[in-house]
Amino acid sequence: MSDSLRDRLEVVFKDISSEVDVDGRLTVHANPASVLSVLGFLKDDGYDYLVLVSCIDWIDEGALEVVYVLSRYLDPADTDGGRVPMLLKTRVPRESPVLASSIEIFPVAEPHEREIHELFGIRFYGHPRLTPLFLEREYEVPPFRKDFDTRQYVEEVFGNVPPVGEGTQAL
Amino acid sequence: MRELDLYFGPQHLGMVGNFSITLTVEGDRIMRAAANPGYLHRGFEKLMELRSWIKDFPLVCRMNVVEPDSMEMIYAMGVEKLAGIEVPERAEFIRSIYLEMARVGSHLFGLWAYANMLGFDTVAQWAMYHRDLLLDRFEELTGGRVYHIYIWPGGVRRDFPEGFEERLVETLHAIGGCVPDYDAAFFNNPIFRERAKGVGTVTREDALAMGGTGQVMRATGMAYDIRKVDPYAAYDRVPWEVPTREDGDAYSRIQIVRDEMIESVHMIFNLLDAMPQGPVYERTPNPLKWRIPKGDAYVRCESSRGELGVYILSNGGESPHRVHFRTPSYPHGLTVLEKALVGESISDVGNIMISMYVVAPEIDR
């Protein structure tokens, strides 16, 4: 299944590379510009379920990698393979990262993209509400990037709070 | 009529957990809903990048307070996949039994929340009591009542203690013997049927488009269960069925919860019968100096709420480079819920939300 899909992908898209691991899991690397067309192609090919959109900070390489995990909604009765989820990866530069939103193809991507925007700072083009999902304030460095030091942040923000009993007036 | 914005939660009697929804209402009807998570965001995934592979276990099980066991399982599966560890056969059976115990416990907790919210206080107390009986078994097996950290990369921490199997069967019989009571007081109760039938309907098309899994998907007639689709542990060694319903409403979802508990109990009996002897863990390197080879993996399992997965990436170091959990409540509580609430009445918000089994800490992580 994966092999023929891989062939079809490489015929249609010239600028992608792909690999299959020992479990038969297909990983496709695509340019940011062609991610949407690859996602649309995969959806039409049966990968109708966007499981997860994740992001990885490759700080040494100056890139943020967005990973789309795709799967199929199978009834247990189906036995035609394709049970192993596949990955679609793309890289955008860490400075001013922009990527097209995939909501039109997979509506379930909406909160995932909001989360990545807030925690990694990638702006998703065409997303209707890129408002914060979890956090209450904006940070200079998006907090899930590798150069955001959680320990230092905690010390700066909470280290100055006096312990209970000191500096607070007894009631 | 004029449209109003109504802030529902995080402090609201009809809301379970720290979660809020902004409802745009016209009279009693909901026109639009916007979910606001974040009250429990602890940044666990970031904290995990700073700790060693083993020290991450106490964090992962706190992502879902109600059912920490599936979280342990999925993280252990991810580590095993990256490190190439094979789990002994007996450990696979123990894991399945343990996870089914957790599923029954979690469903009873969910039933408590649901019955309590609808005003069926007696049923809620029964469910809490029966969950407590199971917690005694967990305590005996693992030493902890709520958080167990029993599953370990390579197997489980220890074998069943002497006489545990008999006591587990006894406990399950004690719970199962009350199914007729539950049916009479709750599941077949006309008052409950009136309250839940046709409420919060999610169609198959919406569930497919919005990333629905678990009860949300199975209530639309689709037998989608990771234990069958992509079997792990010992789920392919014994026969069992995936319960489904057709209507897609709150009533169907809760009926599935009931059927699943019964199925899980039967499955535990079958697993106990089929369980082989042997070691229960595979020796792993010194956990304090454990480096896991470079690579990434997406693994998944079926928690009591739906598909639970983790994308885990190692760059060869002593701690993960990135861990990202795909929790079932994430799409259910954000995309599916926002869609399902449209057109419903304000009094049914909690009803719909709990019937989808949304747990806030799982969304926020």
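Modeller: This is a predicted model.

Colleague: What makes β1(B) and β2(B) a pair of strands?

Modeller: Two strands pair if at least two bridges are found between them. β1(B) and strand β2 (residues 20-26) of chain B have 6 bridges, in the antiparallel sense, so they count as paired.

Colleague: Why are β1 and β3 of chain B called edge strands?

Modeller: The open sheet has 3 strands in the order β1-β2-β3 (chain B), with antiparallel pairing. β1 (3-8) and β3 (29-36) each pair on one side only. Neighbouring strands of this sheet are turned by 20° against each other on average, direction ignored.

Colleague: How do you know how helices α3 and α4 of chain B are placed against each other?

Modeller: Two packed helices are described by the angle between their axes and the distance between the axes. For helix α3 (residues 68-83) and helix α4 (residues 89-118) of chain B, the axes come within 8 Å and cross at roughly 145°. B:Asp69, B:Ser70 and B:Met73 of α3(B) make the contact with B:Arg95, B:Tyr98, B:Leu99 and B:Ala102 of α4(B).

Colleague: What classes of residue are in the contact of α3(B) with α4(B)?

Modeller: There are 4 nonpolar, 1 polar and 2 charged residues in this contact.

Colleague: Why is chain B called as compact as a globular protein of its length?

Modeller: Chain B has 15 helices and 8 strands. Its radius of gyration is 20 Å, close to the 21 Å that the globule rule gives for 365 residues, so chain B is as compact as a globular protein of that length. Its C-alpha atoms fill a box of roughly 65 × 45 × 35 Å along the principal axes.

Colleague: What share of the residues in chain B is buried?

Modeller: Buried residues make up 52% of the 365. A residue counts as buried if 20 or more other C-beta atoms lie within 10 Å of its own.

Colleague: How many residues of chain A and chain B are in contact?

Modeller: The contact involves 25 residues of chain A and 32 residues of chain B; the cut-off is C-beta atoms within 7 Å. On the side of chain A that touches chain B, β3 (49-58), β4 (63-71) and α3 (109-120) each supply at least two residues. β3(A) gives the most, with 5 residues. By class, that side of chain A has 19 nonpolar, 2 polar and 4 charged residues.

How values were computed: Residues numbered from 1 in each chain as written. Chains lettered and ligands numbered in written order. Predicted model: local features only at pLDDT ≥ 70, side-chain atom pairs only at ≥ 80, totals over all residues. Helix = DSSP H or I, 4+ residues; strand = E, 2+ residues; numbered from the N terminus. Rg over C-alpha atoms; globule rule 2.2 N^0.38 Å. Buried ≥ 20, exposed ≤ 12 C-beta atoms within 10 Å, placed from the backbone. Axes fitted to C-alpha atoms, helices over the stretch in contact; angles between N-to-C directions. Contact = placed C-beta atoms within 7 Å. Nonpolar A, V, L, I, M, F, W, Y, C, P; charged D, E, K, R; others polar.
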